[in-house]
Every structure is written in structure tokens, then in C-alpha cells.
Amino acid sequence: MKAYAVNHPIGDMIRGMLPAPWAAAANGALAVGLIAGLVTVMAIFLIWLERKVCAHFQARLGPTRVGPFGLLQPIADAIKLLMKENLRPRGVDNLAYFLAPLLPITGSFLVLAVMPFDHDLQVVDLPAGVVYVVAVSGLGILGILIGGWGSNNKYSLLGSMRSGAQLFSYELSLVLCMLLIVMASGSASLREIVLAQQGTVLDWWIFKLPVAGLLAFALFMISSTAELNRGPLDLSEAESELTGGFHTEYAGISFSMFFLAEFVNMFASAGLGATFFLGGFLAPRFGVPPLDWALALLPGVVWFFVKVFALIFLYMWFRWTFPRLRIDHLLSLEWKFLLPVSLANLLLAATLITFKWMLP
Amino acid sequence: MEGEMPQPAASAPDAGTPIMPGDGKPSLRRFLGDAVNMFKGMGVTFRYIRKPSRVVTREYPENRETLKFPERFRGQVIMPHDANGDHTCTACTLCEKACPNGSISILTTKNTASKRVLGAFVYRLSSCTLCNLCIEACPFDAIHMGAGFEMASYSREPLDLILNKKEGR
Amino acid sequence: MPAPSQQSDVRGEGYALPPGFSLRETRADGSQEYFLNMGPQHPSTHGVLKLVVRLDGETVVEVVPHLGFIHRAIEKMGENETFVQYIHLTDRMDYLSSHINNLCVCMAIEKAMGIGVPERGEYIRVVVSELQRIQSHLLWWGAFGMDLGAVSAFLYGFKEREKITALFEELCGARLTMNFFRPGGSNADVPENFPARVKEILEDLKFSLDEFDVLVSKNPIIRERTLGVGALPRERAINYGCSGPVGRASGIDFDVRKHDPYSVYDRFQFDVPLGKHGDCYDRYMVRMQEMRESIRILEQAMASFPGGQYRSKEKPAYKVPAGSYYANVETARGLYATYMVSDNSFKPYRIKSRSPNLSNLSAINEMSQGGKIADLVAILSTLDLIIPDIDR
Amino acid sequence: MGIGKTPPGGLPGHHDPDGRYLSDLLGNAGADAAMAAAVAGGGLPPIPGAAGSGGLTNAVDWVVGWARANSLWPLVFGTSCCAIEMMATGASHNDWARFGLEVARASPRQADLIILAGTIVEKMGSRLITLYEQMPGPKYVIAMGACTISGGPFYYDSYSVVKGADRLIPVDIYVPGCPPRPEALLFGVMKLQELIRKGAWRNSIVPRPINHSPIKDEMSETARLWEEKEKLKQEGMKEAQERFKADNPDFKGFVIKRIAAPKFDEVARVPRPARGISAAEMLAILTERFPALTVQSVPEASGEKIAALGSEYVLDAMVGRDDYHALVAFLKTDARLRLDFLIELTAVDWKDRFDVVVHLQSIEKGHKVFLRCALPHDAAPEIPTLTDLYSGADWHEREAFDFFGIRFAGHPDLRRLFLEDDFPGHPLRKDFQDPTRVVKRPY
């Protein structure tokens, strides 16, 4: 286990100034602060992006009047939500009702702790990073479940039960996809997974394992859409059926926690996708020296964000195109289709890896 | 289901057979066809985001300068006044009677010549349905439909208007 | 459908069932059903309909609709308004078919007073009615998409509809509550560029309908969610008095335009699309094909759009001779009828509007039993309800 | 021609200083002008006892006001026609997302703004109040359209419509129209934004008072007040009028010319051909089985008499209460008639009797028949139900029960269909009166 500094000069400086354990702690705190700040800003930006992209998918303009290009729109929303009356509906389970909004956002921030943003920008590199990711991302669902239970509202309860069933199912194929990557890279550390993809673009896991990689990527995108509760698999919210789903009774700041968690989650999920399949922070290389040199000029963190945003665009594209599935279709899709396919794919990948039938 | 379905007339196009790739049974062909259809659907949305010219939004209030409503647009009842500030209302109350909502009150007065003339043409925009019946009823062309629409207010008071600027002749 | 039992309520004293429900036998495993209120403020009830749903988990056991949250007493008011004033109230019943509603009242008055309509007037009526039908179906298509979670479809539907609404605004100055038709014709002639504008809109529309097919009709998720959902067999549909696309999806070959033609509908070639099973998918497809049939009618009507006067001689006042009169039309939702009783005065003695939605909605309990909540939403959506038309 | 540039000071004022208002005339003017002045002047009248303002608090006020004004999440709430225009405002052509309004929330807990789109009736009123109370503050209300401002077209004679939503919940902005154009609604939203921005957050907008005034006939009220003023004025003018008469003994008055109305020719009406079996044939079939049957307004009806009424005539048969159910069953099942489709079932109150009116149609053959069954005019007239023959009769009968108090014997669930269970009386009876709800039309 190794905690990385924010970057070399600052990290080295801290290490030089303080005794070793303190330096590690200081470095960690700095990285946490930096990443948390960065991601919060990014999530707010994502809210804007979602509204803009959605608008342009629908032949309209989206927010234009608050700040340049409506960029300040989510900030206005955030301030307003913070200043809203905080109410407690009658009959709610106090502890559950107030604890629930904190869990999803905690879970999604915890995932970011192991996310390699750049060569040296990572809070902590756990050897069992993938296991950790799977474990902490379960916190989000816990929040939704107890929130729906605690709200004393049938719609909320229905929504949370739906999301319980949905998330536990889709977790399976998601984990199987991750397992495939762990198998291919020979490590469960996210940093190692990225570094295992060094080389050209063809060394990314999406391409390197013929068919299996692409299939795993598709499965990952579908399952993570379900995990994120985003359309077309947003059954726990399902506005047209359950008015607001699990967050029907939430207002003001508690609602904003759910709202923000959705976007931080999306960011984390896309980050995992980029890490597993698209070479994470590695600059794309095409085997053409001048081009590769030019592309490598940009720091890794920029490449990481470019990949993340490409995946986020894909999520948005799904959401604004497809209608919602029904709960029983959703579950049978997972159990009758995605899960067998994931297993078969895992087998295929195992074969490919064993016999080294990979792209050079 | 009960009873047999009578066969529809021969001319009628059939809306009851689902459009689906393949022969209707689960098959690889149907699966692939569905996948292609999903991608085509994504293509439809993508065409919009690719071409900003397909954005149709009219930016009110930025476009106030160029905003144009059709000639017949019914926004509110207005009473045209000529250069002397005179109108052509004779207080015949036909519009008042034609109004289905009681939005018009014709209040009459006697002028110095002891003639019965219009004192106040009360028009309650607050209850007007802009149905055009008063305009059609008016034999003197005294009222028209105007295009004003920026009428939102903080209270109901400014919505109860008096249309005539001065008494009738 | 399990038979309601008359045995005592096992849930104990003082447990009141919501109105309209009857007791059922307790289930062997001791599990319970529960009740969920949908509406009157719910995004998929399309207004202020309230459904009380008896649920078993997510499965719908029974649905009891509650009406009257927008009951505005239009029929009582009609007794105190003149016949012509009543026309503008019908705008506010089925506001997506307001032209067609207006037409029905005008037809009843014409029948009562023997007023004829000139050729051009009849053509204007047909063209405007068909445009109205298309814009109503477009809005329905959008709302259908949104109810099933495809939000972009909603915006696309509205975007196309807006073109027709703009045309209506040029025609009569209003976008929704038109009050355009009068006994004997309409209150104004069509503007000069009207035929060109209609042509332009139809061209756009054909393109858009193809796009809609790609986006929604062929989408496997939509198909899965609608095929076999909410089936209403033909016999039941007739028994409930279902009409319009809902009835036709069940296989009832009944369209007032075809089978009791009014205005000049008998001059045009068009087909009445029919479904087989009466499920949500059939209702969807019937409406999609109806839009194409309406385009056919419009093309024929615009090709032979006659000149001449647009209305017949105006009566100073409409004093309807004593008697009862009935006229019916096909709105975008089905059979709309006006029944008026006159006692030889300027105001109707009793006026009643037959709402297609009321009868269509009354079948919902039968349609939605055994489905999921999501199916109930799909059924509500394909019924294409306008609640103020039900409540009047 | 456009409507012109935005004036430098923002959008045009709603209260035109040159305009004339009814309130000026009747002497209760000024509230709105004062409000407009307060908003324009920056800030509403402060709440007594609110903290003083410093530079920092002013800045915070500004930021919070800005945020609230620009983040108005509307509740998904629409009752009727205006809802369509509200949706059109959200649709691509007008796109309220530009104002940050597209986050329409279906749950009132997350909404800031109710746009009252459509008529509010009494039954919905209590629900509306609940919705308003479920919203966390600060919350705003826009009354869209004539119905929510004043009852609009349903002000007179309606027994169920709330005459102005401000009788239930405080309304901040009134947007007139029926329905208002999307631009008009957006203008209303901008007015609301202005109100929020100028109102400091500490004294966040004081809810407007709820209108508790009794409902009254506004037209007659205006006329009465005018009459009073007029009397005074005429007394003052008497002298001048007499002088004028003396000066101009043959003054004829100013004549305004009528405009020439367009002339149209009379067009003869062409009756439609009959479908299915003719009314005369139907009468023959029916009288064969039910000899007591008569025809409305055709005494001693015979085949020839009916045939003389033309092809459009639909048989309007009068049937006794005892035969009623049997006749409908016969009409439905007889192979020649097959009247399997119930168009509608309603009633007419003739003051001395009720007529239950049934309209039937045959889907297959296309002919129709109208039936009437006279019932005595008492508190609870009764007639057998048709629900065993037509499932669709269920709601029609409940409607007739609701409106006329006619009981349908054997109906499985005879409750009121539209009105609350405790609504006094049956509104479509001619003798229905309820001055607490109904404003009688003065003409």
C-alpha cells in the first residue's frame, strides 16, 4: 500500500520537511482535498453538461441565461437547495431519513480514493483496489434502500425496493467484467491495471482481448448504467411511474446530496470504465512517433478526463434516446441474458489469456 | 380473450401485426435486428446534437425586437382611438351580451347633450377567454383583438382595464 | 380476475377499504395487498385523474378511478349561455380536439335550424379537423414517449406539433382554444398562404413520422413494454363503449368519418386502421397509421380546395326550435357527440356532450389487471386521456 | 413588425401609468402600483424586526436572491388547457430550460414554484392546498390563465369552480390569457424572478394574503357602483345639460356609421342518407313487441309519419319504466337491431318529470335509436340499471345520479362520479340553488 503525493515537487517537499508518517498523512490529505474539490467541481459541471447535452439532443438550447452559456445554472441550483427550508415529513423514520442521503455520496467519494487520475495523482493505491471499489459502491444502494424505507411513502418504498433488486442483480455482471480485467492484467490494483495497458491504443483492454474486451466493455456500460440508476434503467426514480421514486420525500439539502451523488457516481463509474478499458491516464499512442510525442505532451490527468467525458457522453446519449425498461424485463435481461453472456465472456477471456491469443 | 376476432374489412390497413425483425419468434436475426434498430434510434438523437441548425428555440425575451405574431393573433381586446383620441363605441352593449364570461361591462353616462354615451368600457382581462365573440358582435368596429401579451402582474387590479380614454360622443 | 368475496374483513375492525373496492379473500400465505394513490397530481395521469390501485407487490390487482378533480360544470353553464357561446366552452373540454368539438356543436345547431354549409366551408372544416387530429396525435406520441421514459420523444412530438399550432394561430388567432367554427361555416376565411403552409407542414411531417418510427416504433424496448399489455378484446371494448383509436385497436371497425360521414369526408379516400388484440401496441400503431391517413385526406383536400364563400348567411341570433338534436363527430379520441334539448329559445334547455374519454377510461380496470405499475402507465398513456373532457 | 426593443430598465411594466383601470374608477386603486414601485425601488417593505443590513449581508442577500430567482423548479402540475401551453413553454420552441426551469419535479418536496395551469375546482382545491403545504419554503405561485385568476369562463353559473386560486393559496404572479402564449408565461416567470431578486432573502417574500372576499356578481357590482357615481355626476351636470339644450335645440347627436358586414348567400342544407334500418322499420319492430311504446313529439306515430320526418331522423322512443330494461335488452340482442354500443345515458329535468335518455348505436349496421323513460319528479326517482347489459353504462349512470339524483336499481357501485360525496343537492336539476357557490349570470 502506497500513498502518492499530489505530484513530485510538492510531494518531495513535504517528504523532506516532515518525518515519514506525517509526510504520508499530509500527502494523503492534500490528495484527498484536491480530488474531492476537483470532483465536486466536476460534478457541478456535469450537471450543466447533462442539461446542455440533453437540450441539444432535443433541438433546444438548455440553460443560457445564468452566466455565460448558462454555466452558473447548477451553482444557482446548489445555493438555492442549500437555502431551502429543511423539512421532515410526518411519520418518517428519523435516523434512516437523515442518514440516507449521506451514504450514496460517501460511497461515490470513497471509490474515487483509489482512482488513478494520473501517474502520481491517487490518494491510495490498494493492492485489492477492485475489491474495495465493489465493496464501497454498495454504500450507495444502502442509502437508497434506507432512504426509501425511512420516507414513509409508498412510492419511495417501491423505488428503493426496485433499486435494491436491480442493483444486486447488475452488480453480478459488473463484477464479472471487472474480474475479466483483473485476470488480464494480473493485478487488482487500479494503478497496475492502467500500467498493464501501456503501449499503443491496441494495448488497451477493450482492443487487446479480441471480442472479449469489446463485449466486456459493452456489458460494463450496460451494467454500470443500471448501477447508476440512469435512464433507460432508472427504475428506482421512474418519474412517470413513481413520481420521484426513492427521493420523493426529500427536499432541500438532503435532496441535493442524492442529486450530487448521482453525478459523482457517474463520474466515478466512467472513471472506472476508462481505467479498465481505455488505458486510464495513459496518453493514446498510435505507433506514429511524431503524433505520439504530440499527444504525450498533455498530462495524464487531461487524458483521463477526456476518456471519462467520452464515456459520460455515452451515458447521456443512452439516457436521452431510450425508453425505460419494465422491472421484470430489467431483471430477466440481467439473469437470463447478461449474466450468462458475462460468464461465457469470462471463459472466453480466460482461454484467450491462457493461450496468449491477444493482439500483439 | 373471448370470442373470435371478426376479420377487419379488406381495405383497412392492419395495425395489429407488430413490426419486428425476423418472424416474430425469438431468434438471432431478431436480436441483431433489434440491436441495429437501437443504434438507428441513437442515430436519430445524434443527428440533432450534430447539427446545431436543428435547434428551433425562439429566444424570448432576447428576440423581442423581431418577435412577430400572426395578424389574427388574439392577445387582448383593445379599443382603437383615432388622432383626436376618439373611439367609435356607441355603448350599444352588443359585445357585453355576446361575452360568454361577463368580462365586459358597458357603463354609460349622459353627456352635456343629454345623449346616452359610453362612460367606461370595462374589460376584465382577468376573466377573458379571448374567444373573439365580442369583436364579431360589434357593428361599429370599435374593438379589436390586440397582440399584447406581456400582461403578467403582481395582483389582479391591473387586469381589470378601462379601454376608452374618454367618454363617447 | 378472482371473484370478490363477501366474507368479513380479516384485517380487523375499523379497517376501511377505499371507496369502490370490495373485500377479497385473504390469501393463504397471509401476505397482504396494499393501496396506492396515483394522482390527482401525478406525472402520468395526464392531468388530475386519480387512480386508487390495489397492488400485490408491483402487480396491479384492481384499479378504481376517481373523477371530478376538474369537473367544471360546463353542462350547467351551457344552460345559461346561448348556443353560440356554448361553442367556446367545448374548446375547453377536449382541448386537443377543440376545432372538432366546435364543429360538433355547430353541426347540431345546423341540424336544428336547417343551415347549410358552402363547399369551401366544408373543406375548411375537414382540413382543419384533420390538422387538429394530427397535432393531437403528435402530442400524444410525445407524451407516450415521456411516459415510457423516452424524454426526447416528448420534445420531438411537441416540436412537430408546434408547426401546426403556429398554423392555427395564423388561421384563427389562438393556439389551443380556437372558437373558430360557427353554424354555417367558420368565423373567417383561411389566410392566403394557407394551402402553401399546409403543404409545407405535410412534407415536414412525413419526414418526421419516419424518424419517429425509427426512434420509437421499432425500438425493441417499446415493443416489449406494449406488446400484449393491457389487451381489451373487441366484445369488451364495444360493451364499454370504447371508440376512436382505442376501440379500433380492439378491432371495432367504427370511425364516424367513415361510417357516419359528416361534412365532406365521404369524398376522400382513406382507410381506417384496425388492430387485432387491443393491446397498447395496437393502440400505438393505430394512432401512428391514423396520422398517415390524415395526411392522405389533407393531400386530397388541398388538391381540390374549392373557392367561393366560406360560410352561409349569418343569422342575427340562433333561436333553436323546440326539440332535441344530436350530432356526432370523430375527434382524435373517438366518438364525440352533442345532444341538445331546446325549448325554442336562445339558450339550450339541456346540453350534453358525450365524451369519448369517459367510456375509454371506464375499461381501465379490466385492462390493467395482472400487469405491473409500469404497464398501468403505458395503458394510461395509450388511452390518450384528456381529463377535462371526462369531467367536463 | 416586432414588439420592440427591451427598454433599458428591463421589461415593460405591467402597470401602465397612462392606462385606466377599473380599480381607479371604483376607488380601490394602488396596491399593485405600490407593489410595482416597491419592486422597482429594490426590495419589498422590510419585515419589522429584521436584522439591519451591512455590506456583507447585502452581498449574501444578493447572491441568495440571485440563486433563488434563477433556480425555479416548477411542480408538475397542470389541470387543463393551460397545462398544454405550459408544456409548450417547456418544449423545444420556447425552452424554459433557458431560465433553468426544465427541472420540473413531480414531487412537491423538491419544487419551488407551482404554475397553476388550468382551472381549479373545489374538489381539487383541498389537494392543491396540501401540495402547497408540502413544498418547502420559499415557494412561489404563478396563476396562469383566466381560470386561476378569477374563475375566468367558469365564473358565472359554475357550481364547482373556485373563483380565483388566490382564494386557496397565496398567488405571486397573475398571467392572463386563455391560455396565455408561452411567451406570456415566460414573461410572468421573469416578473417573478424580478420579485425574488429584489426581495431580500431575510425578509423573503411575505406570502400574499389569501382572498377571503365573498363571491359576488362582478358585473352587477360594477354597474351598481357606477350608477352611484353617475347619479352624483349627473346632478352636477344638470345645469350644463339644460344650457346645452337651450343653445342647440335641434342637436341630433353624433352618429357613428355601422361597418358593412360581409354578405353571404343562404345555403340549403342537404340531409344525410340514413344508415342501417330506417326509423320507420325500427318503430314497426319495436311496437310489435312493446305496444305501449310512443314516439317523442310525434303523437300516434305510424310508419308514414316517421318516414316523413326525413332520412336524418333518429327514432326517439318513449318507454315506460316497467318496459325500460326489457326494451334495452331486446334492442341489444335482437338480430335485426343489434344495438350493441351505448353512446350515452343521461337525463333531462323537465321540472315536472325526469327523462332518462339513452342513446344506442349498432356498430355493425350503423343505425341509432334514442330512448326516453319518464320518471316522477321527486327526491329519489328510481329506474333499473343497464350495467348488466352495457359495462359502459356504469359511469354514465353514476353521472346521472350525481347530477340529477336518479337512483339506478341494481347498480353495483352507485356513488357520485364527479362531485364530493357531501355536495349538497344535485346540480343539474332545474331547481338547484347554492348561493355560496354559484354566481348567477346577470343577463
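Two strands are said to pair if DSSP finds at least two bridges between them. The legends below apply this term to a predicted model.

**View 1. Strand E5 of chain B pairs with strand E1 of chain D across the chain boundary.** E5(B) and E1(D), the latter comprising residues 20-21 of chain D, are joined in the antiparallel sense by two bridges. Within this pairing, B:Leu161 has D:Tyr21 of E1(D) as its bridge partner.

**View 2. Chain B meets chain D through 51 residues of chain B and 69 residues of chain D.** On the side of chain B that touches chain D, the elements giving two or more residues are strand E2 (104-110), strand E3 (116-124) and strand E5 (160-162) of chain B. E2(B) supplies the largest share, four residues. Sorted by class, this side of chain B holds 22 nonpolar, 15 polar and 14 charged residues.

**View 3. Chain B also contacts chain C, with 36 residues of chain B set against 41 residues of chain C.** Helix H1 (28-50) and helix H3 (133-137) of chain B are the elements that give two or more residues to the side of chain B that touches chain C. H1(B) gives the most, with seven residues. The side of chain B that touches chain C is made up of 21 nonpolar, eight polar and seven charged residues.

**View 4. An open sheet of three strands in chain C has the order E1-E2-E3.** The pairing in this sheet is antiparallel. Strand E1 (34-38) and strand E3 (59-66) of chain C lie at the edges with a single partner strand each, so one side of each is left without a neighbour in the sheet. From one strand to the next, the twist averages 25 degrees. Strand E2 (residues 50-56) of chain C is joined to E3(C) by seven bridges in the antiparallel sense. In this pair of strands, C:Val53 stands opposite C:Val63 of E3(C).

**View 5. Strand E7 of chain C (residues 334-342) pairs with E6(C) and with E8(C).** Strand E6 (residues 323-331) of chain C and E7(C) run antiparallel and are joined by nine bridges. A hairpin of two residues leads from E6(C) to E7(C), and C:Thr331 stands opposite C:Gly334 in E7(C). Five bridges link E7(C) to strand E8 (residues 350-354) of chain C, again in antiparallel fashion. C:Ala337 has C:Arg354 in E8(C) as its bridge partner. Eight of the nine residues of E7(C) are buried, so this strand is largely enclosed by the rest of the structure.

**View 6. Helix H11 of chain C, residues 280-303, is mostly covered.** Of its 24 residues, 17 are buried. At 1.5 Å a residue, a helix of this length should span 34 Å, and the end C-alpha atoms of H11(C) are 35 Å apart, which agrees.

**View 7. Helix H5 of chain D (residues 122-134) has buried residues and, on its other side, exposed ones.** H5(D) has 13 residues and reaches 19 Å from its first C-alpha to its last, close to the 18 Å expected at 1.5 Å a residue. Its buried residues are D:Lys123, D:Met124 and D:Leu128. Viewed down the axis of H5(D), these buried residues fall within an arc of 120 degrees, so they line one face of the helix. D:Ser126, D:Ile129, D:Thr130 and D:Glu133 are exposed on the other side of H5(D).

Key: Residues are numbered from 1 along each chain as its sequence is written. Chains are lettered from A and ligands numbered from 1 in the order in which they are written. This is a predicted model: local features need pLDDT of at least 70, side-chain atom pairs count only at pLDDT 80 or more; totals for chains, interfaces and linings use all residues. Axes are lines fitted to C-alpha atoms, for helices over the stretch in contact, and angles run from 0 to 180 degrees between N-to-C directions. The expected span of a helix is 1.5 Å times one less than its number of residues. A residue is buried if 20 or more other C-beta atoms lie within 10 Å of its own, exposed if 12 or fewer, and partly exposed in between; C-beta atoms are placed from the backbone. The arc is that of the directions from the helix axis to the C-beta atoms. Two residues are in contact if their C-beta atoms, placed from the backbone, lie within 7 Å. Ala, Val, Leu, Ile, Met, Phe, Trp, Tyr, Cys and Pro count as nonpolar, Asp, Glu, Lys and Arg as charged, and the others, Gly among them, as polar.
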